[in-house]
Amino acid sequence: MSGPFVSSPLVTIAITAFGLVVGSFLNVVVARVPEHRSLWGPRSACPGCGTTIAWHDNIPILSFAALRGRCRTCSMKISWRYPLIEAFTTGLFLLAYAMLGFSSALVPALLLLALLVAVTFIDLEHQIIPDVITLPGIVTGVLANLATGGVPWLEAVIGAALAGGLFFVIIIASGGGMGGGDMKLGAMLGAFLGWQLTLVALFLAVVAGGGAAVGILAAGRKGRKDPIPFGPFLAVGGAVALLWGRRLLTWYFDVFAS
Ligand SMILES: [Zn+2]
């Protein structure tokens, strides 16, 4: 990267609009994939009264605000998850633009962030990481890198195999303390990030997940046997590694390896 990053107002507006549209679609993914419903139809309806939601009541964030979070027909509360995912996705997309610039690296970055948002909210709500997201995600990661030259394809394949293999060993050693969903999510991170940044992602996920587990146990909120979903920690680790991983690696080697 040469010189300080200067954002273009037009690109910023375009990415904001794109983030809102993708976030809106991710809401459909989060609501429907765990129920094995089609993403492409029928159109979204209110779960309370079944009324199909009109386009003007389905505008990201604005409609939620205009309707004050309630269905126009039956006044049932609309989940806060909808505007949250739209705002969150848009924020992540803008952050990726700020970190990576308007470059070919932005394409796999936005793809990965969108997949991670979907996985995180599904895992938090259902404690599953759907194969229909992660398995195509592994292939998409390698292909996106191949198309954009972001991460050399061999590093992407090694990343997927390394992360998948590490989780496989953990699953065998822990006797099921970690799920196959985490293994496939790890492999997906590897395919997008390459093996170097994947190691950063896994390290961050373990530190964050371990810290949270200790905190939850100490607060007495859960017993030692209750599973804590690891997917969201992997997703956060992956997003941080994607956006700041190179800097973290440079800093680490400057401090510890000089
Ligand atoms: Zn309704």
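Trainee: In this predicted model, which residue's side chain meets that of glutamate 125 in a salt bridge?

Mentor: Glutamate 125 belongs to helix α4, which covers residues 106-126, and its partner sits in helix α3, 44 residues away, so that the pair links distant parts of the chain. The two side chains approach to 2.8 Å, N to O, and the residue that meets glutamate 125 there is arginine 81.

Trainee: Is arginine 81 buried or exposed?

Mentor: The cut-off to keep in mind is that a residue counts as buried under 20% relative accessible area. Glutamate 125, with 44%, is partly exposed. For arginine 81 the relative accessible area is 9%, and this residue is therefore buried.

Trainee: How many salt bridges does a search of the whole structure find?

Mentor: The pair of glutamate 125 and arginine 81 is a salt bridge, and so is the pair of aspartate 57 and arginine 72, whose side chains meet at 2.7 Å, N to O. Another is formed by the side chains of aspartate 131 and lysine 184, at 2.9 Å, N to O. When the whole structure is searched, the number of salt bridges found is 4.

Trainee: How many residues apart in sequence are the parts that aspartate 57 and arginine 72 tie together?

Mentor: The side chains of aspartate 57 and arginine 72 meet in a salt bridge. Because aspartate 57 lies in the loop between α1 and α2, while arginine 72 lies in the loop between α2 and α3, the pair ties together parts whose separation in sequence is 15 residues.

Trainee: In which helix is lysine 184, which forms a pair with aspartate 131?

Mentor: The side chains of aspartate 131 and lysine 184 meet in a salt bridge. Aspartate 131, at 35% relative accessibility, counts as partly exposed. This residue is in helix α5, residues 131-148, and the pair links distant parts of the chain, 53 residues apart, with lysine 184 in helix α7.

Trainee: Are helices α6 and α7 parallel or oblique to each other?

Mentor: Helix α6 spans residues 153-174 and helix α7 spans residues 180-218, and their axes come within 6 Å and cross at roughly 130°. By class, their contact has 15 nonpolar, 8 polar and 2 charged residues. The crossing is right-handed, and the angle explains why α6 and α7 are described as oblique.

Trainee: Which residues of α8 make the contact with α3?

Mentor: The axes of α3 and helix α8, residues 231-256, come within 10 Å and cross at roughly 35°. The residues of this contact divide into 5 nonpolar, no polar and 1 charged. On the side of α3 the contact is made by Leu95, Ala96 and Met99, and on the side of α8 by Leu243, Trp244 and Arg247.

Trainee: With which residues is cysteine 46 in contact, leaving aside its neighbours within four places in sequence?

Mentor: Cysteine 46 has its place in the loop between α1, residues 9-32, and α2, residues 62-66. Its relative accessibility is 8%, and therefore this cysteine counts as buried. Once the neighbours within four places in sequence are left aside, cysteine 46 is in contact with Thr51, Ile53, Cys71 and Cys74.

Trainee: What is the phi of serine 75?

Mentor: Most residues other than glycine have a negative phi. Serine 75 is found in the loop between α2 and α3, and this serine is partly exposed, with a relative accessible area of 40%. Although serine 75 is not a glycine, its phi is positive, about 65°.

Trainee: How far apart in space are isoleucine 13 and leucine 94, C-alpha to C-alpha?

Mentor: Isoleucine 13 lies in helix α1 and is exposed, with a relative accessible area of 56%. Isoleucine 13 and leucine 94 are 81 residues apart in sequence, while their C-alpha to C-alpha separation in space is 9.5 Å.

Notes. Residues numbered from 1 in each chain as written. Predicted model: local features only at pLDDT ≥ 70, side-chain atom pairs only at ≥ 80, totals over all residues. Heavy atoms only, no water. Axes fitted to C-alpha atoms, helices over the stretch in contact; angles between N-to-C directions. Helix = DSSP H or I, 4+ residues; strand = E, 2+ residues; numbered from the N terminus. Parallel < 35°, antiparallel > 145°, perpendicular 65-115°, else oblique. Left-handed = near helix turned anticlockwise from the far one by under 90°. Nonpolar A, V, L, I, M, F, W, Y, C, P; charged D, E, K, R; others polar. Buried < 20%, exposed > 50% of the residue type's maximum accessible area, 1.4 Å probe, protein only. Contact = heavy atoms within 4.5 Å.
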